[in-house]
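Please have the model open as you read along.

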Amino acid sequence: MATMADVARSAGVSVATVSHVLNGTRPVLPHTRQAVLDAVEELGYTTNTLARSLVTARTRSIGLAVSAISNPYFTEILQGVEAAALEAGYSLLIADPHDDPEHERKVVQLLHERRVDGLIIAPSADPGGLLAYLGRHDVPAVFLDRLVDGPGTDSGPRFDQVCADNAEPTSRLVTHLAGLGHRRIGLVAGRPGLSTTSERISGYRSGLAFAGLAYDGRLLVHGDSESAGAEQATEALLSLGVPPTALVTGNNAMTIGVLRALRAHGLSVPDDIALCCFDDFAWADLFSPRLTAVAQPGRDIGARAVHVLLERLAEPDRPARTVRLPCAFVHRTSCGCPSPSEEGTPS
């Protein structure tokens, strides 16, 4: 097996220069850098990550704790994290906390014990144990999709966070339906305690207010961010004396449950009830009717989380920040509109 000394001899440089090229620790002249890379390729040299970690106290690995990896949205986030980590020369260790606070703390501890350099986490609705562990051990961490610190506090967020804009896009779905003449618009919201749920509820209520519609608490139900819960929640809405004429769903999994409930009642979308969704997904364009939706930039959220974590590792003392990425309004036909000539208009 080739060593760093072998690479140095082949490239005609010092071992220190090879180390600087491979680790990016000091600028190296372009022709020298290329000579080192050519020697690495020719000799088939691979870095001894374990030995390097003993010297640098870094493993060049990132831990990712995300629940519901089978959800297409989180799959996109995973792809973004993986691509950005690989580009930066980091490996990825993945765990599923199952949205359970106790399991969440355990898997984060396990990842930390594997000596990852930092963590990227989509927190549960009750992350108290997680936050205590991260704070006690001073673990570099970035939260994605779901926030753990409320905006506008005097001290700012305690952790770096990356998420999509939630309130304004939800408001836009509501005002769009109101503009089509709907006056009883229901919301199938996600799991209570999640920032995404509370922010989308806030957007729902602001959309109603903007459209001049009164808020009716009976039209807001929780589907717990999953298909089965949304199906039950939709049953509750349909059992009202005056059921809604339009629905907004809080994520893609709940959209499936809503559609199941509507089909069980023999209701047609959009002829009997209009439907708009938060979360676009690959097959939304294949439904009949095609689903009007808010599309989140999942891959970009994942990639940005990696970049923010690497900045945190490089500057441990800099103030924490929250990064919000814009969503897109994808106008199709489930809202009751004719097929638009253009899709994907930015929100």
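## Helix pairs and a serine

In α6, Glu 104, Arg 105, Val 108, Gln 109 and His 112 meet Gly 129, Leu 130, Tyr 133, Leu 134 and His 137 of α7 (contact means heavy atoms within 4.5 Å). By class, this contact of α6 with α7 has 4 nonpolar, 4 polar and 2 charged residues. This is a predicted model, where local features need pLDDT of at least 70 and side-chain atom pairs count only at pLDDT 80 or more, while totals for chains, interfaces and linings use all residues. Residues are numbered from 1 along each chain as its sequence is written, and side-chain values use heavy atoms, leaving out hydrogens and water.

The table sets out the two helix pairs, with helices taken as DSSP runs (H or I, at least four residues) and angles running from 0 to 180 degrees between N-to-C directions.

| Pair | Axis distance | Angle |
|---|---|---|
| α6 (101–113) and α7 (128–137) | within 8 Å | roughly 25 degrees |
| α1 (4–11) and α3 (30–43) | 9 Å | about 120 degrees |

α6 and α7 are therefore roughly parallel (angles under 35 degrees). On the α1 side, the contact is made by Asp 6, Val 7, Ser 10 and Ala 11.

Now to Ser 334, in the segment after β12 (328–330). Ser 334 is buried, with a relative accessible area of 0% (buried means under 20%, with a 1.4 Å probe and protein chains only). A polar atom of the Ser 334 side chain lies 2.9 Å from the backbone nitrogen of Thr 292. Among the residues that Ser 334 touches are Val 269, Pro 270 and Leu 291.

How values were computed. Buried < 20%, exposed > 50% of the residue type's maximum accessible area, 1.4 Å probe, protein only. Polar contact = N/O pair within 3.5 Å; in protein donor to acceptor, adjacent residues only side chain to side chain. Parallel < 35°, antiparallel > 145°, perpendicular 65-115°, else oblique. Nonpolar A, V, L, I, M, F, W, Y, C, P; charged D, E, K, R; others polar. Lists of a residue's contacts leave out its neighbours within four places in sequence.
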